[in-house]
Amino acid sequence: MRIGQGFDLHRLIEGRKLLLGGVEIPSSKGEDAHSDGDVLLHAVIDALLGAEALGDIGKLFPPSDPKYKDAKSSALLLEAKKLTRCKLVNLDCTIILQEPKIGKYADAIRENLASLLDAEVKNISVKAKTAEGLGAIGEGAAVAASVIVLVE
Ligand code: MG
């Protein structure tokens with residue numbers, strides 16, 4: 001058994017899509033990034049890479065590489081997954097976002113993650129919380145995701 005941890009944070013700006021775990025959430029602001037900016041998928045990638053000490057998302061898909069401009073994070077996840085050899089036991093995710101409220105999308109995100117990872121939905125947990133109005137996330141200027149994974 002091995003454990004992996006991932007964290008990511010992106011600035012939120014007008015005119016961008018808000019993608020969380022590959023699910024588009026209706027919102028006036030979305031993630032600013034070189035790729036599509038899906039903060040949850042980025043944290044999942046780092047957790048999977050971390051579990052097997054394979055480096056990190058920035059090393060694998062450098063933001064300086066024009067190839068990854070507007071890259072779909074779901075495609076990056078599938079590419080990262082090819083490098084891993086372990087089987088997923090369970091994945092637990094926390095999204096920190098002030099607004100909109102995303103609790104009602106948690107099951108759709110779990111299902112999409114399960115499909116991307118060839119896992120069962122029961123082994124994927126997605127939780128959502130706000131930042132209680134504090135700091136950059138609380139002011140609606142950023143979104144973050146924290147992920148932990150167990151593999152065997
Ligand atoms: Mg990122």
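How are the donor residues of the magnesium ion spaced in sequence? The spacing is D-x1-H-x31-H. The legends below concern a predicted model, in which local features need pLDDT of at least 70, side-chain atom pairs count only at pLDDT 80 or more, and totals for chains, interfaces and linings use all residues. Residues are numbered from 1 along each chain as its sequence is written, and side-chain values use heavy atoms, with hydrogens and water left out.

View 1. The magnesium ion has D8 (OD), H10 (NE2) and H42 (ND1) as its protein donors, at 2.1 to 2.2 Å. Donors are N, O and S atoms within 2.8 Å of the metal (3.2 Å for Na, K and Ca); water is not among the atoms, so sites may look incomplete. D8 belongs to strand 1 (residues 2–14) and H42 to helix 1 (residues 39–51), so that the pair, 34 residues apart, links distant parts of the chain. Helices (H or I, at least four residues) and strands (E, at least two) are DSSP runs, numbered from the N terminus. D8 and H42 are both buried. Buried means under 20% relative accessible area, exposed means over 50%, and partly exposed lies in between (1.4 Å probe, protein chains only).

View 2. Two strands pair if DSSP finds at least two bridges between them. Strands of a sheet pair through backbone hydrogen bonds, either parallel or antiparallel.

**View 3. Strand 7 and its two partners.** Strand 1 and strand 7 run antiparallel and are joined by 10 bridges. Q5 has I148 in strand 7 as its bridge partner, and G4 has V149. Strand 5 also runs antiparallel to strand 7, with 8 bridges between them. Here the bridge partner of I96 is A144 in strand 7.

View 4. Strand 1 and strand 4 run antiparallel and are joined by 3 bridges. In strand 4, K29 is the bridge partner of E14. Strand 5 (residues 88–96) pairs with strand 6 in the parallel sense, over 6 bridges. T94 stands opposite K127 in strand 6.

View 5. Axes are lines fitted to C-alpha atoms, for helices over the stretch in contact, and angles run from 0 to 180 degrees between N-to-C directions. Contact means heavy atoms within 4.5 Å.

**View 6. The contact of helix 1 with helix 3.** The axes of helix 1 and helix 3 (residues 73–83) come within 9 Å and cross at roughly 5°. The two helices are therefore roughly parallel to each other. Angles under 35 degrees count as roughly parallel, over 145 as roughly antiparallel, 65 to 115 as roughly perpendicular and the rest as oblique. L41, H42, V44, I45, L48 and L49 in helix 1 meet S73, S74, L76, L77 and A80 in helix 3. The residues of this contact divide into 8 nonpolar, 3 polar and no charged. Ala, Val, Leu, Ile, Met, Phe, Trp, Tyr, Cys and Pro count as nonpolar, Asp, Glu, Lys and Arg as charged, and the others, Gly among them, as polar.

View 7. A cis peptide bond, with omega about 0°, joins E99 and P100. P100 lies in the loop between strand 5 and helix 4. D70 is in the loop between helix 2 (57–60) and helix 3; its phi is near 60°, a positive value in a residue other than glycine. D70 counts as partly exposed because its relative accessibility is 44%. D118 occupies the loop between helix 4 and strand 6, and its phi, near 55°, is likewise a positive value in a residue other than glycine. With a relative accessible area of 66%, D118 is exposed.
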